[in-house]
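Here is a short briefing to read alongside the sequence and the 3D view. Please keep both open as you go through the points.

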Amino acid sequence: MILSTSTLTRVHESRHSNSSWKHGHGSTTHLFTTSVSSTTPNEKTETNNHISINPHSKERNSWDNYRLLISAIAPRPIALISTVSADGKSVNLAPYSYFNVIAHDPPTFVVGFGNPPTGAKDSFINVRDTRQCVINVVSEDFLEAANAASIDAPYGMSEWSMTGLTADYCCETVRAPRVKESIFSIEARVESVKEIQSKEHPGRISSWLVILEGTRFWARDDALNEEQDYICPEILKPVASMGGALYSKTTDRVEIQRPQYKNYTERKVGNVDHLIGRI
Ligand SMILES: Cc1cc2nc3c(=O)[nH]c(=O)nc-3n(C[C@H](O)[C@H](O)[C@H](O)COP(=O)(O)O)c2cc1C
């Protein structure tokens with residue numbers, strides 16, 4: 001079923017932001033912050049201060065920074081990445097949340113693959129060797145299955161059967177299957193790979209940044225509008241990674257229109273004119 005934009009807009013549920021906010025008003029909660037150490041988590045206090053943290057201080061290691069960053073840079077979208085080995089004999093599926101879209105012309109995506117002491121991740125090995133993969137957006141309906149795909153299975157052992165997800169070998173520009181349950185998937189080819197050098201262990205690669213170019217999109221027809229330029233959030237039901245074992249659903253959406261400088265200056269000039277008139 002293909003929906004027109006107006007139908008999608010009608011089913012699109014979101015609430016409007018604080019409508020009394022005006023330019024210059026700043027934060028709606030002022031400078032107060034919530035303290036995680038307070039006995040009542042939502043208690044607000046005027047005594048909170050910011051603490052400067054040097055990521056390279058002697059008291060910290062890279063795991064401290066890892067835990068801090070995955071909880072602070074959140075929510076992060078999750079790419080459930082499907083790959084095949086270079087010899088075509090094994091398939092792999094794993095979730096990655098060091099992921100985002102960074103450009104649309106051409107459609108460009110980034111993924112950060114860690115390089116733990118146990119060795120490069122299977123997905124990275126396959127992406128590096130075959131220069132291709134499928135990125136599947138994770139929805140609420142198969143969050144548990146996507147999480148199950150993060151199992152540390154040995155190289156060559158497929159996670160697909162452990163997740164119960166369906167491999168659809170329909171891709172047109174890559175050999176890997178896409179996740180049939182995913183509302184939106186992207187066939188992608190490697191544009192470039194950048195090594196990230198460890199500062200904690202000089203001479204060691206801590207991770208790889210892979211830049212991918214999207215070559216095909218697969219969108220479920222009931223979630224896509226007629227113009228093929230919009231995915232309905234109620235159907236996509238995207239989930240995000242919040243650090244550790246925490247995920248977030250996107251059930252509470254807020255709609256805020258983007259400001260236009262033209263309107264801002266016109267209103268300001270209007271105010272000034274009004275004042276000048278009175279003077
Ligand atoms: C929600 C989630 C997000 C993850 N994001 C990343 C990531 O961005 N980079 C990474 O190296 N590992 C990430 N992991 C861990 C990998 O999924 C895990 O190491 C997995 O075993 C890798 O599988 P593979 O070796 O088959 O590629 C994530 C795990 C989960 C559950």
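This is a predicted model: local features need pLDDT of at least 70, side-chain atom pairs count only at pLDDT 80 or more; totals for chains, interfaces and linings use all residues.

Residues are numbered from 1 along each chain as its sequence is written.

**Overall picture**

- The chain contains 7 helices and 16 strands; helices (H or I, at least four residues) and strands (E, at least two) are DSSP runs, numbered from the N terminus.
- Of its 279 residues, 22% count as buried; a residue is buried if 20 or more other C-beta atoms lie within 10 Å of its own, exposed if 12 or fewer, and partly exposed in between, with C-beta atoms placed from the backbone.
- Among the contacts with a separation of 6 or more, 65% are between residues 24 or more positions apart; two residues are in contact if their C-beta atoms, placed from the backbone, lie within 7 Å.
- The average pLDDT, the predictor's confidence in each residue from 0 to 100, is 88 for the chain, and 84% of the residues score at least 70.

**Around the ligand**

- The shell around the ligand has 17 residues, of which Ala-94, Tyr-98, Gly-114, Asp-122 and Ser-123 come nearest; a residue is near a molecule or strand if its C-beta atom, placed from the backbone, lies within 6 Å of it.
- Strand 6 (91-96), strand 8 (107-114) and helix 3 (122-130) are the elements that give two or more residues to this shell.
- Strand 6 gives the most, with 4 residues.
- By type, the shell has 6 nonpolar, 8 polar and 3 charged residues; Ala, Val, Leu, Ile, Met, Phe, Trp, Tyr, Cys and Pro count as nonpolar, Asp, Glu, Lys and Arg as charged, and the others, Gly among them, as polar.

- The buried residues in helix 3 include Asp-122, Ser-123, Phe-124, Asn-126 and Val-127.
- Their cover includes strand 5 (79-84), strand 6, strand 8, strand 9 (132-137), strand 12 (184-197) and strand 13 (205-219).
- Ile-135 is in contact with Ala-79, Ile-81, Phe-109, Ser-185, Ile-186 and Ala-188, leaving aside its neighbours within four places in sequence.

**Leu-209 in strand 13**

- Leu-209 is found in strand 13 and is partly exposed, because 14 other C-beta atoms lie within 10 Å.
- Not counting residues up to four places away in sequence, Leu-209 touches Val-110, Gly-112, Lys-194 and Ile-196.
- Leu-209 and Val-110 are 99 residues apart along the chain, yet 6.8 Å separates their C-alpha atoms.

- An open sheet of 3 strands has the order 4-14-15 with antiparallel pairing; two strands pair if DSSP finds at least two bridges between them.
- Strand 4 (76-77) and strand 15 (247-249) are the edge strands, each pairing on one side only.
- Strand 14 (residues 239-241) and strand 15 pair over 3 bridges in the antiparallel sense, and Ser-248 in strand 15 is the bridge partner of Ala-240.

**Backbone details worth a look**

- Most residues other than glycine have a negative phi, and most peptide bonds are trans.
- The bond from Ala-74 to Pro-75 is cis, with omega near 0°, and Pro-75 lies in the loop between helix 2 (62-72) and strand 4.
- Asp-105 and Pro-106 are also joined by a cis peptide bond, with omega about -5°; Pro-106 lies in the loop between strand 7 (99-104) and strand 8.
- Gln-228, in the loop between strand 13 and helix 6 (233-236), has a positive phi near 55° and is exposed, with 11 other C-beta atoms within 10 Å.
- Lys-237, in the loop between helix 6 and strand 14, has a positive phi of about 40° and counts as partly exposed, with 19 C-beta neighbours inside 10 Å.
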